[in-house]
Amino acid sequence: MEDIRSLIELSRSRGVILSKFDLSENTFVYVLTIDRPQVRNALDFEAMRSLRSYAAQIKSSLTESCLAVVLTGANDTFISGGDLKALQDQRSVTVAQEMSTLMRSTLKALQDLPCLLVCAADGAIVGGGAEVFIAADYRIMSAQAHIRFAQASLALSTGWGGARRLAQVLGRSKALALLLEGERLSSQSSLDLGLCHQVSKSMNALSCTLLWLKKFCYTPQALIGIKALLKDDSFNHIDELENEIFPHLWAHDEHWQAVDRLWSHRAGMKKTNKDVEEIQSMKPEFRSEARAEDGAISLNQAKRGLFIVLEGIDGAGTTSQAERLVAWLEEHQYSAYMTQEPSSGVIGRLTRQALRGEAIGHGQNLLPAESIALLFAADRADHWYNEIEPKLERGEVVVCDRYLYSSLAYQGLELPESWVRSLNMLYPQPDLLLFVEVDPAIASQRRDQRGLEADRYEVDELQIQIAKRYATICQEYEATFINGEQSLDEVTQACLAPLKSLLEMA
Ligand code: TMP
(Lines give C-alpha, C1' and ligand atoms only; values in the text may rest on other atoms or scores of the structure.)
Protein backbone atom coordinates (compact mmCIF):
# COMPACT_ATOMS: atom_id res chain seq x y z
CA MET A 1 0.00 0.00 0.00
CA GLU A 2 1.47 3.33 -0.92
CA ASP A 3 1.39 5.90 1.81
CA ILE A 4 0.62 9.13 0.03
CA ARG A 5 1.68 11.02 3.14
CA SER A 6 5.23 10.40 1.96
CA LEU A 7 4.65 12.72 -0.99
CA ILE A 8 7.22 15.49 -0.76
CA GLU A 9 5.65 18.82 -1.58
CA LEU A 10 8.00 20.88 -3.74
CA SER A 11 5.85 23.95 -4.29
CA ARG A 12 2.31 25.19 -4.73
CA SER A 13 0.87 27.98 -6.75
CA ARG A 14 -2.71 29.12 -7.32
CA GLY A 15 -4.42 25.86 -6.51
CA VAL A 16 -1.84 23.56 -8.12
CA ILE A 17 0.61 21.57 -5.99
CA LEU A 18 3.80 19.99 -7.31
CA SER A 19 5.09 17.04 -5.28
CA LYS A 20 7.58 14.24 -5.68
CA PHE A 21 7.24 10.61 -4.66
CA ASP A 22 10.18 8.19 -4.53
CA LEU A 23 9.31 4.81 -6.01
CA SER A 24 12.75 3.40 -5.22
CA GLU A 25 16.23 4.70 -4.47
CA ASN A 26 16.73 5.62 -8.11
CA THR A 27 13.28 6.34 -9.47
CA PHE A 28 10.54 8.81 -8.64
CA VAL A 29 7.39 10.39 -10.00
CA TYR A 30 6.12 13.95 -9.98
CA VAL A 31 2.56 14.46 -8.77
CA LEU A 32 0.53 17.48 -9.82
CA THR A 33 -2.52 17.96 -7.61
CA ILE A 34 -5.32 20.37 -8.39
CA ASP A 35 -6.52 21.70 -5.04
CA ARG A 36 -9.35 24.21 -5.41
CA PRO A 37 -11.98 22.83 -3.01
CA GLN A 38 -14.29 25.85 -3.22
CA VAL A 39 -15.01 25.12 -6.91
CA ARG A 40 -14.61 21.31 -7.04
CA ASN A 41 -11.18 21.74 -8.60
CA ALA A 42 -12.42 23.72 -11.58
CA LEU A 43 -9.62 25.63 -13.30
CA ASP A 44 -9.50 29.41 -13.62
CA PHE A 45 -6.92 31.20 -15.76
CA GLU A 46 -4.41 31.39 -12.93
CA ALA A 47 -4.58 27.67 -12.18
CA MET A 48 -4.25 26.93 -15.90
CA ARG A 49 -1.15 29.13 -16.11
CA SER A 50 0.37 27.53 -13.09
CA LEU A 51 -0.25 24.07 -14.55
CA ARG A 52 1.46 25.26 -17.73
CA SER A 53 4.43 26.59 -15.85
CA TYR A 54 4.77 23.38 -13.79
CA ALA A 55 4.72 21.40 -17.05
CA ALA A 56 7.57 23.56 -18.35
CA GLN A 57 9.45 23.25 -15.07
CA ILE A 58 9.14 19.44 -15.11
CA LYS A 59 10.26 19.31 -18.73
CA SER A 60 13.37 21.35 -18.07
CA SER A 61 14.41 19.36 -15.00
CA LEU A 62 13.47 15.91 -16.26
CA THR A 63 15.93 13.03 -15.93
CA GLU A 64 15.59 9.34 -16.73
CA SER A 65 14.88 8.67 -13.05
CA CYS A 66 11.45 10.26 -13.41
CA LEU A 67 9.04 7.51 -14.50
CA ALA A 68 5.82 9.46 -14.61
CA VAL A 69 3.91 12.63 -14.01
CA VAL A 70 0.68 11.89 -12.18
CA LEU A 71 -2.13 14.38 -12.45
CA THR A 72 -4.76 14.15 -9.74
CA GLY A 73 -7.31 16.17 -7.80
CA ALA A 74 -7.59 16.79 -4.06
CA ASN A 75 -10.87 16.64 -2.11
CA ASP A 76 -12.22 13.47 -3.78
CA THR A 77 -12.76 15.27 -7.06
CA PHE A 78 -10.66 15.23 -10.21
CA ILE A 79 -11.28 18.41 -12.22
CA SER A 80 -14.72 19.78 -12.90
CA GLY A 81 -13.80 21.75 -16.02
CA GLY A 82 -13.27 25.48 -16.37
CA ASP A 83 -14.18 27.69 -13.39
CA LEU A 84 -17.41 29.15 -14.73
CA LYS A 85 -17.72 31.72 -11.96
CA ALA A 86 -14.22 33.10 -12.49
CA LEU A 87 -14.67 33.05 -16.26
CA GLN A 88 -18.14 34.61 -16.08
CA ASP A 89 -17.05 37.97 -17.48
CA GLN A 90 -14.62 36.59 -20.00
CA ARG A 91 -17.04 36.23 -22.87
CA SER A 92 -15.03 37.21 -25.92
CA VAL A 93 -13.73 34.99 -28.70
CA THR A 94 -10.18 36.18 -27.94
CA VAL A 95 -10.35 35.02 -24.32
CA ALA A 96 -11.69 31.64 -25.36
CA GLN A 97 -8.89 31.29 -27.91
CA GLU A 98 -6.33 32.20 -25.28
CA MET A 99 -7.73 29.64 -22.82
CA SER A 100 -7.92 26.94 -25.46
CA THR A 101 -4.35 27.59 -26.63
CA LEU A 102 -3.09 27.61 -23.06
CA MET A 103 -4.69 24.29 -22.11
CA ARG A 104 -3.86 22.63 -25.43
CA SER A 105 -0.21 23.55 -25.08
CA THR A 106 -0.15 22.45 -21.42
CA LEU A 107 -1.64 19.05 -22.18
CA LYS A 108 0.62 18.63 -25.20
CA ALA A 109 3.69 19.54 -23.13
CA LEU A 110 2.74 16.94 -20.50
CA GLN A 111 1.94 14.31 -23.12
CA ASP A 112 5.19 14.96 -24.97
CA LEU A 113 7.32 14.24 -21.90
CA PRO A 114 9.35 11.05 -22.32
CA CYS A 115 7.92 9.70 -19.05
CA LEU A 116 4.37 8.44 -18.65
CA LEU A 117 1.48 10.84 -18.06
CA VAL A 118 -1.01 9.20 -15.68
CA CYS A 119 -4.32 10.61 -14.44
CA ALA A 120 -5.68 9.39 -11.10
CA ALA A 121 -9.28 10.37 -10.37
CA ASP A 122 -11.33 9.87 -7.21
CA GLY A 123 -14.52 11.73 -8.01
CA ALA A 124 -16.15 13.89 -10.64
CA ILE A 125 -14.33 14.24 -13.96
CA VAL A 126 -16.41 16.79 -15.79
CA GLY A 127 -16.22 18.87 -19.00
CA GLY A 128 -12.69 20.21 -19.41
CA GLY A 129 -11.64 17.81 -16.62
CA ALA A 130 -12.64 14.95 -18.90
CA GLU A 131 -10.45 16.47 -21.64
CA VAL A 132 -7.53 16.55 -19.23
CA PHE A 133 -8.23 12.97 -18.13
CA ILE A 134 -8.37 11.58 -21.66
CA ALA A 135 -5.03 13.23 -22.49
CA ALA A 136 -3.17 10.86 -20.16
CA ASP A 137 -1.27 7.83 -21.39
CA TYR A 138 -2.73 5.76 -18.54
CA ARG A 139 -5.89 6.46 -16.55
CA ILE A 140 -6.96 5.13 -13.15
CA MET A 141 -10.32 5.79 -11.47
CA SER A 142 -11.45 4.84 -8.01
CA ALA A 143 -14.78 3.00 -7.81
CA GLN A 144 -16.81 6.11 -6.95
CA ALA A 145 -15.31 8.28 -9.72
CA HIS A 146 -17.40 9.13 -12.76
CA ILE A 147 -16.83 10.97 -15.99
CA ARG A 148 -19.01 13.25 -18.04
CA PHE A 149 -18.23 15.19 -21.20
CA ALA A 150 -20.75 17.89 -20.26
CA GLN A 151 -19.67 20.48 -22.86
CA ALA A 152 -22.75 20.13 -25.13
CA SER A 153 -25.12 20.74 -22.20
CA LEU A 154 -23.49 24.20 -21.88
CA ALA A 155 -23.78 24.74 -25.63
CA LEU A 156 -20.06 24.15 -26.10
CA SER A 157 -17.77 21.82 -27.97
CA THR A 158 -14.53 20.54 -26.51
CA GLY A 159 -11.80 23.17 -26.48
CA TRP A 160 -8.74 21.48 -24.98
CA GLY A 161 -8.16 18.77 -27.60
CA GLY A 162 -10.68 16.37 -26.04
CA ALA A 163 -12.71 15.46 -29.17
CA ARG A 164 -9.65 14.23 -31.08
CA ARG A 165 -8.30 12.28 -28.14
CA LEU A 166 -11.70 10.77 -27.33
CA ALA A 167 -12.12 9.68 -30.95
CA GLN A 168 -8.65 8.14 -30.87
CA VAL A 169 -9.54 6.14 -27.79
CA LEU A 170 -13.14 5.15 -28.58
CA GLY A 171 -13.50 5.61 -32.35
CA ARG A 172 -15.34 8.48 -34.01
CA SER A 173 -18.84 7.13 -33.64
CA LYS A 174 -18.74 6.43 -29.89
CA ALA A 175 -16.93 9.70 -29.24
CA LEU A 176 -19.60 11.62 -31.13
CA ALA A 177 -22.40 9.98 -29.13
CA LEU A 178 -20.66 10.60 -25.81
CA LEU A 179 -20.00 14.27 -26.62
CA LEU A 180 -23.53 14.90 -27.90
CA GLU A 181 -25.35 13.06 -25.14
CA GLY A 182 -23.06 13.98 -22.24
CA GLU A 183 -23.83 10.68 -20.54
CA ARG A 184 -22.44 10.30 -17.01
CA LEU A 185 -20.34 7.14 -16.96
CA SER A 186 -19.52 5.20 -13.81
CA SER A 187 -15.98 3.93 -13.26
CA GLN A 188 -17.05 0.44 -14.28
CA SER A 189 -18.66 1.65 -17.52
CA SER A 190 -15.54 3.73 -18.22
CA LEU A 191 -13.42 0.63 -17.77
CA ASP A 192 -15.71 -1.40 -20.03
CA LEU A 193 -15.48 1.30 -22.72
CA GLY A 194 -11.72 1.75 -22.43
CA LEU A 195 -11.89 5.30 -21.07
CA CYS A 196 -9.87 4.19 -18.08
CA HIS A 197 -7.38 1.37 -17.61
CA GLN A 198 -7.98 0.41 -13.99
CA VAL A 199 -10.63 0.87 -11.33
CA SER A 200 -9.37 0.85 -7.78
CA LYS A 201 -11.93 -0.60 -5.41
CA SER A 202 -10.06 -0.59 -2.15
CA MET A 203 -7.73 2.40 -2.12
CA ASN A 204 -7.77 5.89 -3.53
CA ALA A 205 -6.73 6.40 -7.12
CA LEU A 206 -3.40 8.04 -6.28
CA SER A 207 -2.29 5.20 -3.96
CA CYS A 208 -3.32 2.69 -6.60
CA THR A 209 -1.37 4.64 -9.25
CA LEU A 210 1.80 4.81 -7.15
CA LEU A 211 1.54 1.10 -6.40
CA TRP A 212 1.12 0.33 -10.08
CA LEU A 213 4.06 2.54 -11.05
CA LYS A 214 6.27 0.83 -8.49
CA LYS A 215 6.20 -2.22 -10.76
CA PHE A 216 8.37 -0.36 -13.22
CA CYS A 217 11.07 0.87 -10.85
CA TYR A 218 13.47 -1.88 -11.99
CA THR A 219 12.73 -1.39 -15.67
CA PRO A 220 12.41 2.37 -16.26
CA GLN A 221 14.07 2.13 -19.67
CA ALA A 222 11.37 -0.23 -20.90
CA LEU A 223 8.62 2.10 -19.68
CA ILE A 224 10.20 5.07 -21.41
CA GLY A 225 10.89 3.02 -24.55
CA ILE A 226 7.30 1.77 -24.80
CA LYS A 227 5.94 5.28 -24.30
CA ALA A 228 8.26 6.55 -27.07
CA LEU A 229 7.04 3.82 -29.43
CA LEU A 230 3.37 4.66 -28.97
CA LYS A 231 3.67 8.43 -28.62
CA ASP A 232 2.89 9.38 -32.18
CA ASP A 233 -0.82 8.73 -32.76
CA SER A 234 -0.35 8.30 -36.50
CA PHE A 235 2.18 5.49 -35.92
CA ASN A 236 4.07 6.76 -38.96
CA HIS A 237 7.52 5.98 -37.68
CA ILE A 238 6.76 3.21 -35.23
CA ASP A 239 8.76 0.55 -37.08
CA GLU A 240 11.88 2.71 -37.41
CA LEU A 241 11.52 3.68 -33.77
CA GLU A 242 11.19 0.08 -32.67
CA ASN A 243 14.26 -0.73 -34.67
CA GLU A 244 16.11 1.91 -32.68
CA ILE A 245 14.63 1.35 -29.22
CA PHE A 246 14.51 -2.43 -28.98
CA PRO A 247 18.24 -3.15 -29.56
CA HIS A 248 19.10 -0.40 -27.07
CA LEU A 249 16.81 -1.96 -24.43
CA TRP A 250 18.11 -5.46 -25.20
CA ALA A 251 21.68 -4.45 -24.54
CA HIS A 252 20.86 -2.37 -21.45
CA ASP A 253 21.82 -3.66 -17.98
CA GLU A 254 18.24 -3.34 -16.83
CA HIS A 255 17.17 -6.05 -19.26
CA TRP A 256 19.83 -8.50 -18.07
CA GLN A 257 19.18 -7.71 -14.41
CA ALA A 258 15.50 -8.43 -15.05
CA VAL A 259 16.45 -11.74 -16.65
CA ASP A 260 18.59 -12.64 -13.63
CA ARG A 261 15.76 -11.76 -11.27
CA LEU A 262 13.40 -13.90 -13.27
CA TRP A 263 15.67 -16.93 -13.09
CA SER A 264 16.39 -16.60 -9.43
CA HIS A 265 12.73 -16.12 -8.48
CA ARG A 266 11.55 -18.98 -10.56
CA ALA A 267 14.10 -21.46 -9.41
CA GLY A 268 12.07 -24.43 -8.26
CA MET A 269 8.75 -22.93 -9.31
CA LYS A 270 8.39 -23.91 -12.93
CA LYS A 271 7.39 -27.09 -14.70
CA THR A 272 10.18 -29.11 -16.26
CA ASN A 273 10.34 -28.82 -20.03
CA LYS A 274 9.19 -32.41 -20.30
CA ASP A 275 6.07 -31.71 -18.26
CA VAL A 276 5.28 -28.68 -20.37
CA GLU A 277 5.79 -30.59 -23.62
CA GLU A 278 3.61 -33.44 -22.43
CA ILE A 279 0.79 -31.13 -21.46
CA GLN A 280 1.11 -29.02 -24.58
CA SER A 281 0.86 -32.08 -26.78
CA MET A 282 -2.54 -32.89 -25.23
CA LYS A 283 -5.80 -31.60 -26.59
CA PRO A 284 -6.80 -28.46 -24.68
CA GLU A 285 -9.79 -30.16 -23.10
CA PHE A 286 -7.55 -32.73 -21.45
CA ARG A 287 -4.89 -30.30 -20.30
CA SER A 288 -6.62 -29.05 -17.22
CA GLU A 289 -7.41 -32.56 -16.00
CA ALA A 290 -3.76 -33.42 -16.28
CA ARG A 291 -2.89 -30.31 -14.34
CA ALA A 292 -5.52 -30.93 -11.71
CA GLU A 293 -4.03 -34.36 -11.13
CA ASP A 294 -0.43 -33.29 -11.08
CA GLY A 295 -0.75 -31.02 -8.06
CA ALA A 296 2.47 -32.47 -6.62
CA ILE A 297 4.47 -31.39 -9.66
CA SER A 298 3.31 -27.82 -9.49
CA LEU A 299 5.40 -26.97 -6.46
CA ASN A 300 8.26 -29.39 -6.10
CA GLN A 301 9.51 -31.01 -9.30
CA ALA A 302 8.07 -28.32 -11.49
CA LYS A 303 9.18 -24.69 -11.89
CA ARG A 304 5.71 -23.29 -12.14
CA GLY A 305 4.06 -20.25 -10.61
CA LEU A 306 1.52 -20.34 -7.81
CA PHE A 307 -2.20 -19.91 -8.15
CA ILE A 308 -3.87 -18.25 -5.16
CA VAL A 309 -7.64 -17.75 -4.96
CA LEU A 310 -9.67 -15.61 -2.55
CA GLU A 311 -13.36 -16.22 -2.04
CA GLY A 312 -16.08 -14.64 0.08
CA ILE A 313 -19.56 -13.14 -0.02
CA ASP A 314 -20.03 -9.63 -1.43
CA GLY A 315 -18.48 -7.18 1.03
CA ALA A 316 -16.07 -9.75 2.51
CA GLY A 317 -13.14 -7.66 1.28
CA THR A 318 -11.55 -10.21 -1.07
CA THR A 319 -10.60 -7.51 -3.61
CA SER A 320 -8.74 -5.40 -1.06
CA GLN A 321 -6.96 -8.46 0.28
CA ALA A 322 -6.00 -9.67 -3.20
CA GLU A 323 -4.52 -6.22 -3.92
CA ARG A 324 -2.64 -6.28 -0.63
CA LEU A 325 -1.24 -9.75 -1.23
CA VAL A 326 0.04 -8.69 -4.64
CA ALA A 327 1.57 -5.55 -3.13
CA TRP A 328 3.33 -7.67 -0.51
CA LEU A 329 4.57 -10.14 -3.12
CA GLU A 330 5.91 -7.35 -5.29
CA GLU A 331 7.60 -5.70 -2.35
CA HIS A 332 9.32 -9.02 -1.75
CA GLN A 333 10.47 -9.21 -5.35
CA TYR A 334 8.05 -11.87 -6.56
CA SER A 335 6.59 -11.54 -9.97
CA ALA A 336 2.92 -11.31 -9.01
CA TYR A 337 -0.28 -10.69 -10.90
CA MET A 338 -3.68 -9.70 -9.60
CA THR A 339 -6.75 -10.74 -11.51
CA GLN A 340 -10.43 -11.34 -10.81
CA GLU A 341 -13.57 -13.05 -12.00
CA PRO A 342 -15.62 -12.05 -13.83
CA SER A 343 -12.45 -11.22 -15.77
CA SER A 344 -11.69 -8.10 -17.79
CA GLY A 345 -12.05 -10.09 -21.03
CA VAL A 346 -14.90 -9.80 -23.49
CA ILE A 347 -17.09 -12.46 -21.80
CA GLY A 348 -16.22 -11.15 -18.33
CA ARG A 349 -17.36 -7.66 -19.29
CA LEU A 350 -20.59 -9.04 -20.70
CA THR A 351 -21.10 -11.03 -17.49
CA ARG A 352 -20.76 -7.89 -15.36
CA GLN A 353 -23.26 -6.12 -17.61
CA ALA A 354 -25.64 -9.04 -17.14
CA LEU A 355 -25.17 -8.87 -13.34
CA ARG A 356 -26.06 -5.17 -13.39
CA GLY A 357 -29.11 -5.91 -15.53
CA GLU A 358 -27.64 -3.91 -18.44
CA ALA A 359 -27.22 -6.86 -20.80
CA ILE A 360 -30.72 -8.23 -21.05
CA GLY A 361 -32.39 -11.05 -22.91
CA HIS A 362 -35.22 -11.49 -25.38
CA GLY A 363 -38.37 -9.49 -24.74
CA GLN A 364 -36.37 -7.13 -22.52
CA ASN A 365 -36.31 -9.80 -19.80
CA LEU A 366 -33.43 -10.41 -17.41
CA LEU A 367 -31.18 -13.26 -18.49
CA PRO A 368 -32.14 -16.56 -16.85
CA ALA A 369 -29.90 -18.14 -14.18
CA GLU A 370 -28.68 -20.77 -16.68
CA SER A 371 -27.34 -18.08 -19.03
CA ILE A 372 -25.56 -16.39 -16.14
CA ALA A 373 -23.96 -19.68 -15.01
CA LEU A 374 -22.82 -20.36 -18.58
CA LEU A 375 -21.42 -16.84 -18.90
CA PHE A 376 -19.32 -17.31 -15.74
CA ALA A 377 -18.08 -20.69 -17.00
CA ALA A 378 -17.34 -19.33 -20.49
CA ASP A 379 -15.46 -16.39 -19.00
CA ARG A 380 -13.48 -18.80 -16.79
CA ALA A 381 -12.29 -20.78 -19.82
CA ASP A 382 -11.01 -17.64 -21.55
CA HIS A 383 -9.53 -16.36 -18.29
CA TRP A 384 -7.81 -19.64 -17.46
CA TYR A 385 -6.34 -20.51 -20.86
CA ASN A 386 -5.53 -17.03 -22.06
CA GLU A 387 -4.55 -15.19 -18.91
CA ILE A 388 -3.92 -17.28 -15.80
CA GLU A 389 -2.27 -20.33 -17.32
CA PRO A 390 0.34 -18.47 -19.42
CA LYS A 391 1.35 -16.46 -16.36
CA LEU A 392 1.72 -19.59 -14.24
CA GLU A 393 3.80 -21.12 -17.01
CA ARG A 394 6.05 -18.09 -16.80
CA GLY A 395 6.48 -18.72 -13.09
CA GLU A 396 4.37 -15.82 -11.82
CA VAL A 397 2.26 -15.85 -8.67
CA VAL A 398 -1.32 -15.25 -9.82
CA VAL A 399 -3.73 -13.93 -7.17
CA CYS A 400 -7.33 -14.30 -8.30
CA ASP A 401 -10.25 -12.54 -6.62
CA ARG A 402 -13.02 -15.20 -7.02
CA TYR A 403 -12.94 -18.37 -9.06
CA LEU A 404 -15.05 -21.46 -9.59
CA TYR A 405 -16.11 -21.65 -5.92
CA SER A 406 -18.13 -18.48 -6.51
CA SER A 407 -20.06 -20.33 -9.19
CA LEU A 408 -20.68 -23.26 -6.84
CA ALA A 409 -21.84 -20.93 -4.05
CA TYR A 410 -23.86 -18.41 -6.08
CA GLN A 411 -25.14 -20.26 -9.15
CA GLY A 412 -25.52 -23.48 -7.14
CA LEU A 413 -28.14 -21.64 -5.12
CA GLU A 414 -30.42 -21.10 -8.10
CA LEU A 415 -29.63 -24.17 -10.20
CA PRO A 416 -28.93 -27.90 -9.67
CA GLU A 417 -25.50 -27.90 -8.05
CA SER A 418 -24.37 -31.02 -9.95
CA TRP A 419 -24.90 -29.16 -13.23
CA VAL A 420 -22.90 -26.14 -12.02
CA ARG A 421 -20.13 -28.47 -10.84
CA SER A 422 -20.00 -30.21 -14.21
CA LEU A 423 -19.61 -26.84 -15.96
CA ASN A 424 -16.60 -26.16 -13.79
CA MET A 425 -14.99 -29.58 -13.54
CA LEU A 426 -12.22 -28.87 -16.06
CA TYR A 427 -10.67 -25.95 -14.23
CA PRO A 428 -7.70 -26.79 -12.01
CA GLN A 429 -7.70 -26.29 -8.27
CA PRO A 430 -5.52 -23.47 -6.94
CA ASP A 431 -2.39 -23.98 -4.86
CA LEU A 432 -4.01 -22.01 -2.06
CA LEU A 433 -7.69 -21.25 -1.50
CA LEU A 434 -8.43 -18.51 1.04
CA PHE A 435 -11.99 -18.12 2.25
CA VAL A 436 -12.52 -14.71 3.82
CA GLU A 437 -15.41 -15.28 6.19
CA VAL A 438 -17.58 -12.36 7.28
CA ASP A 439 -21.00 -12.27 8.91
CA PRO A 440 -23.54 -11.38 6.19
CA ALA A 441 -24.86 -8.48 8.33
CA ILE A 442 -21.38 -6.93 8.51
CA ALA A 443 -20.80 -7.50 4.79
CA SER A 444 -24.13 -5.82 4.11
CA GLN A 445 -23.10 -2.72 6.10
CA ARG A 446 -19.82 -2.57 4.19
CA ARG A 447 -21.68 -2.73 0.87
CA ASP A 448 -23.96 0.10 2.03
CA GLN A 449 -20.92 2.21 2.97
CA ARG A 450 -19.42 1.66 -0.49
CA GLY A 451 -22.56 3.21 -1.89
CA LEU A 452 -22.34 1.34 -5.21
CA GLU A 453 -25.39 0.08 -7.02
CA ALA A 454 -26.34 -3.45 -5.95
CA ASP A 455 -26.05 -6.17 -8.58
CA ARG A 456 -28.12 -9.31 -9.06
CA TYR A 457 -26.82 -11.10 -5.96
CA GLU A 458 -26.27 -8.24 -3.56
CA VAL A 459 -29.51 -8.86 -1.71
CA ASP A 460 -29.25 -9.55 2.04
CA GLU A 461 -31.43 -12.69 2.10
CA LEU A 462 -29.48 -14.23 -0.80
CA GLN A 463 -26.15 -13.37 0.80
CA ILE A 464 -27.14 -15.22 4.00
CA GLN A 465 -27.79 -18.40 2.01
CA ILE A 466 -24.66 -17.92 -0.12
CA ALA A 467 -22.55 -17.55 3.05
CA LYS A 468 -23.82 -20.93 4.31
CA ARG A 469 -23.12 -22.61 0.98
CA TYR A 470 -19.64 -21.08 0.88
CA ALA A 471 -18.73 -22.48 4.30
CA THR A 472 -19.62 -26.03 3.22
CA ILE A 473 -17.99 -25.76 -0.20
CA CYS A 474 -14.79 -24.22 1.16
CA GLN A 475 -14.53 -26.96 3.78
CA GLU A 476 -14.89 -29.57 1.06
CA TYR A 477 -12.10 -27.95 -0.97
CA GLU A 478 -9.86 -27.56 2.07
CA ALA A 479 -9.75 -23.81 2.00
CA THR A 480 -7.93 -21.84 4.66
CA PHE A 481 -10.63 -19.99 6.58
CA ILE A 482 -9.75 -16.37 7.35
CA ASN A 483 -11.63 -14.25 9.86
CA GLY A 484 -12.57 -11.30 7.65
CA GLU A 485 -14.08 -9.29 10.49
CA GLN A 486 -10.71 -8.13 11.82
CA SER A 487 -8.97 -4.94 10.71
CA LEU A 488 -7.70 -4.81 7.10
CA ASP A 489 -4.11 -5.29 8.28
CA GLU A 490 -4.99 -8.24 10.50
CA VAL A 491 -6.85 -9.95 7.68
CA THR A 492 -3.85 -9.40 5.38
CA GLN A 493 -1.51 -10.94 7.95
CA ALA A 494 -3.86 -13.92 8.29
CA CYS A 495 -3.85 -14.41 4.50
CA LEU A 496 -0.09 -13.98 4.32
CA ALA A 497 0.66 -16.73 6.86
CA PRO A 498 -0.32 -19.71 4.63
CA LEU A 499 0.99 -17.89 1.55
CA LYS A 500 4.44 -17.44 3.11
CA SER A 501 4.58 -21.17 4.00
CA LEU A 502 3.66 -22.05 0.46
CA LEU A 503 6.37 -19.78 -0.92
CA GLU A 504 8.91 -21.32 1.41
CA MET A 505 7.95 -24.80 0.24
CA ALA A 506 8.23 -23.69 -3.37
P1 TMP B 1 -17.32 -8.61 -7.43
O2 TMP B 1 -16.49 -8.13 -8.53
O3 TMP B 1 -17.77 -7.61 -6.47
O4 TMP B 1 -16.71 -9.80 -6.80
O5 TMP B 1 -18.69 -9.08 -8.14
C6 TMP B 1 -18.84 -10.22 -8.82
C7 TMP B 1 -20.19 -10.79 -8.53
O8 TMP B 1 -20.37 -11.96 -9.32
C9 TMP B 1 -20.38 -11.22 -7.09
O10 TMP B 1 -21.69 -10.92 -6.67
C11 TMP B 1 -20.22 -12.72 -7.14
C12 TMP B 1 -20.72 -13.07 -8.51
N13 TMP B 1 -20.12 -14.28 -9.09
C14 TMP B 1 -20.91 -15.39 -9.31
O15 TMP B 1 -22.10 -15.36 -9.02
N16 TMP B 1 -20.35 -16.49 -9.87
C17 TMP B 1 -19.04 -16.55 -10.23
O18 TMP B 1 -18.58 -17.57 -10.75
C19 TMP B 1 -18.23 -15.38 -9.99
C20 TMP B 1 -16.78 -15.41 -10.38
C21 TMP B 1 -18.80 -14.28 -9.42
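## The seven-stranded sheet

Two strands are taken to pair if DSSP finds at least two bridges between them. In this predicted model, seven strands form an open sheet in the order β1-β2-β3-β4-β5-β7-β10, and the pairing within the sheet is mixed. Its edges are β1, covering residues 8–13, and β10, covering residues 198–200, each of which pairs on one side only. On average, and with direction ignored, neighbouring strands of this sheet are turned by 20° against each other.

Strand β4 (residues 66–73) pairs with strand β5 (residues 116–121) in the parallel sense over five bridges, and Val-69 stands opposite Leu-117 in β5. Two helices that pack on the sheet can be described here. Helix α1, residues 45–61, touches β1, β2 (16–22), β3 (28–34) and β4, and its direction makes about 30° with that of β2. Helix α7, residues 205–214, touches β2, β3, β4, β5, β7 (138–142) and β10, while its direction makes about 170° with that of β4.

## The five-stranded sheet

Another open sheet, of five strands, has the order β12-β13-β11-β14-β15, and its pairing is parallel. Here the edge strands are β12 (336–340) and β15 (480–483), each pairing on one side only. Neighbouring strands of this sheet are turned by 20° against each other on average, direction again being ignored.

Within this sheet, strand β14 (residues 432–437) and β15 pair in the parallel sense over four bridges, with Val-436 standing opposite Ile-482 in β15. Helix α20 lies across β11 (306–311), β14 and β15, and runs at about 155° to β14.

## Helix α17 against helix α20

Helix α20 (residues 460–476) also meets helix α17 (residues 404–414): their axes come within 9 Å and cross at roughly 135°. An angle of this size makes α17 oblique to α20, because angles over 145 degrees would be needed for the pair to count as roughly antiparallel. The crossing in which α17 passes α20 is right-handed.

On the α17 side, the contact is made by Tyr-405, Leu-408, Ala-409, Tyr-410, Gly-412 and Leu-413, and on the α20 side by Gln-465, Ile-466, Arg-469, Tyr-470, Ile-473 and Cys-474. Divided by class, the residues of this contact are nine nonpolar, two polar and one charged.

## Helix α15 against helix α16

The axes of helix α15 (residues 346–355) and helix α16 (residues 369–393) come within 8 Å and cross at roughly 155°. The two helices are therefore roughly antiparallel to each other, and the crossing of α15 and α16 is left-handed.

The residues of α15 that take part are Ile-347, Gly-348, Leu-350, Thr-351 and Ala-354, which meet Ile-372, Leu-375, Phe-376, Ala-378, Asp-379, Asp-382 and His-383 in α16. By class, this contact has seven nonpolar, three polar and two charged residues.

## The surroundings of the ligand

The residues around the ligand are Asp-314, Glu-341, Pro-342, Leu-355, Phe-376, Arg-402, Ser-406, Ser-407, Tyr-410, Gln-411, Asp-455 and Tyr-457. Helix α17 supplies the largest share of this shell, namely four residues. The shell as a whole divides into five nonpolar, three polar and four charged residues.

Technical notes. Residues are numbered from 1 along each chain as its sequence is written. This is a predicted model: local features need pLDDT of at least 70, side-chain atom pairs count only at pLDDT 80 or more; totals for chains, interfaces and linings use all residues. Axes are lines fitted to C-alpha atoms, for helices over the stretch in contact, and angles run from 0 to 180 degrees between N-to-C directions. Two residues are in contact if their C-beta atoms, placed from the backbone, lie within 7 Å. Angles under 35 degrees count as roughly parallel, over 145 as roughly antiparallel, 65 to 115 as roughly perpendicular and the rest as oblique. A crossing is left-handed if the near helix is turned anticlockwise from the far one by less than a right angle, and right-handed if clockwise. Ala, Val, Leu, Ile, Met, Phe, Trp, Tyr, Cys and Pro count as nonpolar, Asp, Glu, Lys and Arg as charged, and the others, Gly among them, as polar. A residue is near a molecule or strand if its C-beta atom, placed from the backbone, lies within 6 Å of it.
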